[in-house]
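Please read them beside the sequence and the coordinates.

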Amino acid sequence: MITSIIFSKDRPLQLDLCLQSIHKNLQSSTRNIVIYKCSNDKYKAAYDELQTTYTNVEFWPQGKSLLRDIYHSILTESDNEFVCFFVDDCIVYQNVNIGKEAITNMFNDDAVCCISLRLGINVNKRSHQGIFFPDEIGQHALYSKGWVMCSKTSVRYGNYWSYSLSVDGHIFRKNDMYKMVNELIHVSKLYNNDKEWKNTPNTFEAQLQRFWTVTPNIMICPATSAVVNSPNNKTQNSHPNQHGEVYSYDQDSLLELFLSGKRIDFEKLQIKDVECPHKEIDILKGLS
């Protein structure tokens, strides 16, 4: 039904937590693909170990072009009609009860752009440099029991509730994403001297915004959000993302924990009071 594409770099311990949460709380994701990148052989050894643990997950080493990796991951799946994106510090912290009939009915409406699992009526704040300020839902209506539909153009652009083309737990029609990625590949050739844009999920998400005005207006989300991003560290240099302001964990230290056999037990984490899609979780509370 859903193919989930999880982007990962130098975060084996956090990726393990992400995969645990997907398997438990997003069972409609019937194909999971990790596109990963390693800085050195120690990280590669950790990802090799994860591959032996998750035999039902496909691990694709990131190639020279992340866009082409995404393109092929969508193209090679013929059965699943929908695609969802995650980064490795995302956690599906609530169960998402969405069957094939329900998701098909939602996307049968041409006005629907995506299903956002990181949004919910509980999401009403945005943070910047440790300061929270309002970021509330705009025009919305009950779609069906447990689901809400909202208009991305009823709030200012840049608001979480207007940001439909996110790679943090957003589900899209496979064909829609295929067309967008295909165009981005051609645009990268035309405007970047045949060189690829920086190969990070942040850059991919930023380039997707060129389609914001031509994609449908409606987002559907659960009444309570199901996905949270816990930015405890940063492994890319393309964007100055906020991270580690509350619970800062160096990725090299987390690697050593992983290689020593430690894992974060998803069942031990108590994630609550999520008011922002980006909320630092004390993930090491679940260490075992």
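1. Helices (H or I, at least four residues) and strands (E, at least two) are DSSP runs, numbered from the N terminus. The model is predicted: local features need pLDDT of at least 70 and side-chain atom pairs count only at pLDDT 80 or more, while totals for chains, interfaces and linings use all residues. Residues are numbered from 1 along each chain as its sequence is written, and side-chain values use heavy atoms, with hydrogens and water left out.

2. Asp10 sits in the loop between β1 and α1. Its phi is positive, about 55 degrees, although Asp10 is not a glycine. Most residues other than glycine have a negative phi. Asp10 is buried, at a relative accessible area of 6%; buried means under 20% relative accessible area, exposed over 50%, and partly exposed in between (1.4 Å probe, protein chains only).

3. Asp273, in the segment after α7 (251–259), is another residue other than glycine with a positive phi, near 55 degrees. Is Asp273 buried or exposed? Asp273 counts as exposed, with 60% relative accessibility.

4. Strand β1 (residues 2–9) pairs with β2 in the parallel sense, over 8 bridges; two strands pair if DSSP finds at least two bridges between them. The bridge partner of Ser4 in β2 is Asn32. Between β1 and β2 the chain passes through helix α1 (residues 12–25), and this β-α-β crossover is right-handed. A crossover is right-handed if, with the strands pointing away from the viewer, the path from the first strand over the helix to the second runs clockwise.

5. On to the next strand. β2 is joined to strand β3 (residues 57–61) by 5 bridges, and the two run parallel. Asn32 stands opposite Val57 in β3. From β2 the chain crosses through helix α2 (residues 41–53) to β3, again as a right-handed β-α-β crossover. Of the 9 residues of β2 (residues 29–37), 7 are buried, so this strand is largely enclosed by the rest of the structure.

6. The structure holds 9 aromatic pairs. Rings of Phe, Tyr and Trp (its six-membered ring) pair if their centres lie within 6.5 Å; planes under 30 degrees apart count as stacked, over 60 as edge-to-face and the rest as tilted. One of the pairs is Phe82 with Phe107, which is stacked at 5.2 Å centre to centre with 20 degrees between the planes. Phe82 lies in strand β4 (residues 82–87) and Phe107 in helix α4 (residues 100–107), so the pair ties together parts that are 25 residues apart in sequence. Phe82 is buried, with a relative accessible area of 5%, and Phe107 is buried with a relative accessible area of 5%.

7. How are the rings of Phe85 and Phe204 arranged, and why? Their centres are 5.6 Å apart and their planes stand at 65 degrees, so the pair is edge-to-face. Because Phe85 lies in strand β4 and Phe204 in helix α6 (residues 201–208), this pair ties together parts that are 119 residues apart in sequence. Phe85 and Phe204 are both buried. One aromatic cluster is formed by Phe7, Phe85, Phe172 and Phe204.

8. In α6, 6 of the 8 residues are buried, so the helix is largely enclosed by the rest of the structure. The buried residues of α6 are Pro201, Asn202, Thr203, Phe204, Glu205 and Leu208.

9. On a 1 Å grid over the protein atoms alone, a cavity is a set of points where a 1.4 Å probe fits but cannot get out, and a pocket is an open set with protein on both sides within 12 Å along at least five of seven lines; lining residues have an atom within 4 Å of a point. Grid points are joined across faces, edges and corners, and a volume is the space filled by probe spheres set on the points. By this rule there are 2 cavities of 30 Å³ or more.

10. The second largest cavity has a volume of about 30 Å³. Its lining includes Gln14, Asp88, Asp89 and Ser230, and α1 and β5 (90–92) each supply at least two of the lining residues. By class, the lining has 4 nonpolar, 3 polar and 2 charged residues. Ala, Val, Leu, Ile, Met, Phe, Trp, Tyr, Cys and Pro count as nonpolar, Asp, Glu, Lys and Arg as charged, and the others, Gly among them, as polar.

11. The second largest pocket has a volume of about 200 Å³. Among the residues that line this pocket are Tyr247, Gln270, Lys272, Glu280 and Lys285. Its lining divides into 4 nonpolar, 1 polar and 5 charged residues.
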